[in-house]
Amino acid sequence: MSDVEVKYTGPERVFSGVQPTGNLTLGNYLGAIKRFVPLQDEHECLYCVVDMHAITVWQDPAELARATREVTAAYIACGLDPKRAILFNQSKVHAHAELAWIFNCVARMGWMERMTQFKEKSGKHKERSSLGLFAYPALMAADILAYKATHVPVGEDQKQHVELSRDIAQKFNMDYGVQGFFPLPEPVIQGAATRVMSLRDGTKKMSKSDPSDMSRLNLTDDADLIAKKIRKAKTDPDDLPSDEDGLEGRGEARNLLNIYAALSDIPFGDAVRQFGGKQFRQLKEELTELTVAKLTPITDETRRLMSDTAEIDRILNDGAERASALAEPIMKEIRRIVGFV
Ligand code: TYM
């Protein structure tokens, strides 16, 4: 075995995933799905609905099936083209489960114990969490590496998991003496809204699992509900500052401006200048108008697509076939490397 790292020389490939649990939020849209769209013109892209990740916490089976189709519909409504990008659900491609097991045997307990998402999700009841929740990042590494994906567009909260995939890839390459076999995947975390915060608390991430629905904008909210949530969003007593330094310690103001910038595709600094010296009321009015204009067509299109679930299933089957065709030759090599006859 050599200490010199042999570089991966294969093609660039993009992989990312979204869990079909609850409603998709504005955070999922701005932090991930909106950013998936332009990549499909530049790279080979796989976008997965990760139903196997979802069952690491209890899911009602009928609701899981519905949500899997709904995330697929939302992918398409947001601009993903099932002809260009490969859209599929994880459980249909067996390579994910098979490689996850191998990675369970590569990853170390200590690495998993450091994962902040596991700590947050298991909370005080670590002993009662599923084993799957603990092993979750090894499955995520398998998702990415079953295709030798090199680039992983995600929101800020998934950075640690993508970095763990790099550690797993590197250890596999080292342990089996196959330097350069797996790429070390790069997290791609770009844009104004890599961390959209709660509307009720500028220090907390906007999340599907927050008990308060008023804390988030869902891709299923109608115009009235969007207006209500933005009107009630937490603010502070001062007018908006004219420069970014003035946002120090003002998480709620920063978040609303961030959302405004990301939805209107302008740099954050421009949004700050545009509202400098103005009252929150004005920002909220313009943000409501913008959010309704951007989200309503997506909501409507998602609903329209959901009226034909047979077509969604056809898209998922087609995507799974194409994904399997990419993963199978890689899995063949992996089985040989590991010594499976
Ligand atoms: P999930 O389903 O929690 O979220 C999907 C994507 O949305 C991003 N996101 C956010 N971005 C900005 N602000 C927010 N408030 C916000 N909330 C969510 C997430 O960062 C993510 O990109 N483990 C992953 C799914 C996954 C995956 C993968 C991702 C499974 N396998 C392989 C990439 C590659 C997850 O639970 O994402």
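Reader: Which residues does the domain assignment give to domain 1 and domain 2 of the protein chain?

Author: This is a predicted model, where local features need pLDDT of at least 70, side-chain atom pairs count only at pLDDT 80 or more, and totals for chains, interfaces and linings use all residues. Residues are numbered from 1 along each chain as its sequence is written, and side-chain values use heavy atoms, leaving out hydrogens and water. The bounds come from an automatic or database domain assignment. It gives domain 1 as 13-189 + 308-338 and domain 2 as 213-303.

Reader: Which side chains meet in a salt bridge?

Author: The rule asks for a side-chain nitrogen of Lys or Arg within 4 Å of a carboxyl oxygen of Asp or Glu. Across the interface of domain 1 and domain 2 it finds 1 salt bridge. At 2.6 Å, N to O, the side chains that meet are those of Lys34 and Asp265.

Reader: Which elements give two or more residues to the side of domain 1 that touches domain 2?

Author: Helices (H or I, at least four residues) and strands (E, at least two) are DSSP runs, numbered from the N terminus. On the side of domain 1 that touches domain 2, the elements giving two or more residues are helix 1 (26-42) and helix 3 (61-77).
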